[in-house]
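Subject: Structure handover

Hello,

Here is the structure we talked about. Please open it and keep it on screen while you read.

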Amino acid sequence: MNIAYTVKPPQAAAPGKNFASKSVPRHLARGAIGFGLIVGSIALVPVAGPAPLLAAPLALIAFRGCPTCWMVGLAQTISLGRLERQCADGVCTLTKAHPPAKATDEATAHRGLRQRT
């Protein structure tokens, strides 16, 4: 899969736009906490009055911003290490990343498999 697109020079890119987590389960747990806080705070309003709404801003901490930021982070976490961007002359291509040959050879040796020639 090759996707070509044009980008601004690297110095124009905004730093710190990474919302990815270390793993997908960890990211999903953060989402469950965030959405649980929002839904729980709204659902408890008829029972406990407006006080539970104070829990809703805590969801922003779990989301690292907003639900959209969480969704972007989910996409980044899933694609982490699977996609590779290469830029030349202002044109960047997004390709599927290839694992290092050494890691592939070690994994094959660990499983006791041989490559046929």
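Where is Arg64 found? Arg64 sits in the loop between α3 and α4. I will come back to Arg64 below.

A word on the source. This is a predicted model, in which local features need pLDDT of at least 70 and side-chain atom pairs count only at pLDDT 80 or more, while totals for chains, interfaces and linings use all residues. Residues are numbered from 1 along each chain as its sequence is written, and side-chain values use heavy atoms, with hydrogens and water left out.

**Overview**

The protein has five helices and three strands. Both kinds of element are DSSP runs, numbered from the N terminus: helices are H or I with at least four residues, strands are E with at least two. From the N terminus, the order is β-α-α-α-α-β-β-α.

The protein has 117 residues, and 16% of them are buried. Buried means under 20% relative accessible area, exposed means over 50%, and partly exposed lies in between (1.4 Å probe, protein chains only). The accessible surface comes to about 9000 Å². Carbon and sulfur atoms hold 65% of that surface. These areas come from the Shrake-Rupley method with a 1.4 Å probe; for residues, only the protein chains shown count as cover.

Now the contacts, meaning heavy atoms within 4.5 Å.

**Helix α4**

Start with the length. Helix α4 covers residues 67-79, which is 13 residues. At 1.5 Å a residue, α4 should span 18 Å. The expected span is 1.5 Å times one less than the number of residues. The end C-alpha atoms of α4 are 19 Å apart, which agrees.

Which residues of α4 are buried? They are Cys69, Trp70, Gly73, Leu74 and Thr77. Seen down the axis of α4, these buried residues fall within an arc of 145 degrees, so they line one face of the helix. The arc is that of the directions from the helix axis to the C-beta atoms. Their cover includes α1 and α3.

Look at Leu74 next. Leu74 lies in α4 and is buried, with a relative accessible area of 16%. Leaving out residues up to four places away in sequence, Leu74 touches His27 and Leu28. Leu74 and Ser21 are 53 residues apart along the chain, yet their C-alpha atoms are separated by 7.8 Å.

Pro67 is also in α4. Pro67 is partly exposed, at 33% relative accessible area. Pro67 and Gly34 are 33 residues apart in sequence and 8.2 Å apart in space, C-alpha to C-alpha.

After α4 comes Gly81, with a positive phi near 85 degrees.

**Helix α3**

Helix α3 covers residues 56-63. Its buried residues include Ala59, Ala62 and Phe63. These residues cover an arc of only 90 degrees around the axis, which puts them on the same side of α3. What covers them includes α1 and α4.

**Helix α1**

Helix α1 covers residues 24-43. Ser41 is in α1. Is Ser41 buried or exposed? Ser41 counts as buried, at 2% relative accessibility. Not counting residues up to four places away in sequence, Ser41 touches Pro52, Leu53, Ala55 and Ala56.

Val24 is partly exposed, with a relative accessible area of 31%. Together with Leu28 and Ile78, Val24 makes a nonpolar surface patch of about 220 Å². Patches are made of residues with over 30% relative accessible area and no salt bridge; like charges are joined within 9 Å, and nonpolar side chains (Val, Leu, Ile, Met, Phe, Trp, Tyr) within 5 Å. A salt bridge is a side-chain nitrogen of Lys or Arg within 4 Å of a carboxyl oxygen of Asp or Glu.

Most residues other than glycine have a negative phi. Back to Arg64, then. Arg64 is not a glycine, but its phi is positive, at about 60 degrees. Arg64 follows α3 and is partly exposed, with a relative accessible area of 40%.

Asp89 is not a glycine either, and its phi is positive, near 55 degrees. Asp89 lies in the loop between β2 (83-88) and β3 (91-96). At 81% relative accessibility, Asp89 counts as exposed.

Best wishes
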